[in-house]
Amino acid sequence: MLSHDTAKNLYTAMLRCRLFEEKVAELYPQKEMKCPTHLSTGQEAAASGVCAALRKDDMVFSTHRCHSHIVAKGGDFKALMAELYGKATGCSKGKGGSMHFVEPEIGMMGSSAIVGGTVPLAVGSALASVLQSKDKVSVAFFGDGGLEQGTFHESMSFASLKKLPILFIAENNDMATCTHLDVRQPYHELYRHAEGYDMPGVRTDGTKVETVYAAAAKAVERARKGQGPSFIEVVCYRWKEHVGPNTDYHLGHRTKEELEMWMAKDPIKLFGELADKEKLLSVKEQDQIRSTIEKQIEEAVAFAKSSPFPEPAAMFEDM
Ligand SMILES: Cc1ncc(C[n+]2csc(CCOP(=O)(O)OP(=O)(O)O)c2C)c(N)n1
């Protein structure tokens with residue numbers, strides 16, 4: 001049974017992710033955001049369930065689809081929105097854009113457009129935590145496409161050998177751009193890879209944030225005790241196109257029926273209903289959370305639009 005505080009955190013985190021990206025999708029057609037944006041609408045339970053089990057100083061590494069990871073880790077809406085607008089006040093000083101969100105102060109160590117590229121970085125940070133006698137846990141988020149990279153397998157092997165404090169989180173949305181898992185990998189149950197590397201592997205339902213949270217909390221406890229890495233698969237669905245604010249079923253590689261089936265299992269709606277039924281978080285409290293977030297996002301948009309672009313002289317700073 002979840003506590004009121006945990007239920008509130010999970011609900012708030014998912015709604016922060018959803019409303020932030022809905023605003024991005026609404027504003028993107030204005031063409032003031034010049035970077036490509038890979039939205040994770042529908043997948044919020046992965047980021048929210050995992051990050052709710054972490055401490056602020058635990059270290060998260062992400063991918064091209066990084067918005068929800070940083071938002072769930074506690075990212076600042078103003079800095080994120082400004083980054084999308086390429087402004088100097090952005091979290092990467094306007095020089096990274098959507099795929100390069102970073103905020104080390106809250107443990108968001110970086111994201112990268114190179115599929116599988118940040119997985120070994122997360123392993124390196126977990127090794128550093130051990131060498132420095134700290135008890136920080138690292139998290140590598142990646143998509144099902146990330147498993148097709150050599151870096152993933154090298155990272156799993158080394159992390160297991162050294163019993164590193166790391167969580168490997170595979171967001172299995174079945175797609176890598178427009179190619180289905182069916183024609184890319186021998187089996188769908190990605191958690192089965194864990195056994196080959198002698199670490200626990202579980203499959204969780206990405207429409208039920210509480211299942212992701214429970215698995216993550218167990219894996220974090222294990223990692224913090226020095227018992228080594230864990231692999232968590234989150235089965236989920238990306239509601240939007242691979243990159244951009246629209247849907248993609250008209251392209252023919254996915255169907256409208258499939259999208260509608262997953263939208264009917266909206267993780268935020270399902271958790272809101274559960275939390276109300278279990279008297280963890282009333283509908284009234286949920287509405288209050290929504291209005292607070294909506295206000296924060298409006299303020300972030302105004303902040304981003306009115307912020308200055310980076311000076312040309314800042315071009316090579318932080319390189
Ligand atoms: C090393 C590398 N190969 C190919 C690409 C092109 N690419 C960008 S995103 C993507 C699909 C990634 O799919 P997945 O890892 O499942 O993540 P998702 O987009 O589903 O979140 C590909 C192939 C890339 N960015 N990097």
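This is a predicted model: local features need pLDDT of at least 70, side-chain atom pairs count only at pLDDT 80 or more; totals for chains, interfaces and linings use all residues.
On the side of α1 the contact is made by L10, A13, M14, C17 and R18, and on the side of α2 by E44, A45, A47, S48, G49 and C51. Sorted by class, this contact of α1 with α2 comprises seven nonpolar, two polar and two charged residues. The crossing in which α1 passes α2 is right-handed.

Helix α1 also packs with helix α11, which covers residues 283–306, at an angle of about 40° and with the axes 10 Å apart. That angle makes α1 oblique to α11, and α1 passes α11 in a crossing that is right-handed. From α1, the residues Y11, T12, L15, R16, L19, F20, K23 and L27 take part in the contact, while α11 contributes Q286, I289, R290, I293, E294, I297 and V301. In this contact of α1 with α11, nine residues are nonpolar, two are polar and four are charged.

A further helix pair is formed by α5 (residues 119–131) and α6 (residues 150–161), which pack at an angle of about 20° with their axes 8 Å apart. Helices α5 and α6 are therefore roughly parallel to each other, and α5 passes α6 in a left-handed crossing. The residues V119, P120, V123 and A126 of α5 meet T151, F152, E154, S155, F158 and A159 of α6. Within the contact of α5 with α6, the classes are represented by seven nonpolar, two polar and one charged residues.

The strands considered next belong to an open sheet of six, arranged in the order β2-β1-β3-β4-β8-β7 with parallel pairing. From one strand to the next, the twist averages 20°. Strand β4, comprising residues 166–172, runs parallel to strand β8, comprising residues 230–235, and the two are joined by six bridges. Among the residues involved, E171 has V234 in β8 as its bridge partner. Helix α8, formed by residues 209–224, packs on the sheet and touches β4, β7 and β8. The direction of α8 makes about 170° with that of β8.

The surroundings of the ligand were also examined. The ligand is surrounded by 14 residues, of which the closest are R65, V115, G143, G145 and A176. By class, the shell around the ligand divides into five nonpolar, seven polar and two charged residues.

How values were computed. Residues are numbered from 1 along each chain as its sequence is written. A residue is near a molecule or strand if its C-beta atom, placed from the backbone, lies within 6 Å of it. Ala, Val, Leu, Ile, Met, Phe, Trp, Tyr, Cys and Pro count as nonpolar, Asp, Glu, Lys and Arg as charged, and the others, Gly among them, as polar. Two strands pair if DSSP finds at least two bridges between them. Helices (H or I, at least four residues) and strands (E, at least two) are DSSP runs, numbered from the N terminus. Axes are lines fitted to C-alpha atoms, for helices over the stretch in contact, and angles run from 0 to 180 degrees between N-to-C directions. Two residues are in contact if their C-beta atoms, placed from the backbone, lie within 7 Å. A crossing is left-handed if the near helix is turned anticlockwise from the far one by less than a right angle, and right-handed if clockwise. Angles under 35 degrees count as roughly parallel, over 145 as roughly antiparallel, 65 to 115 as roughly perpendicular and the rest as oblique.
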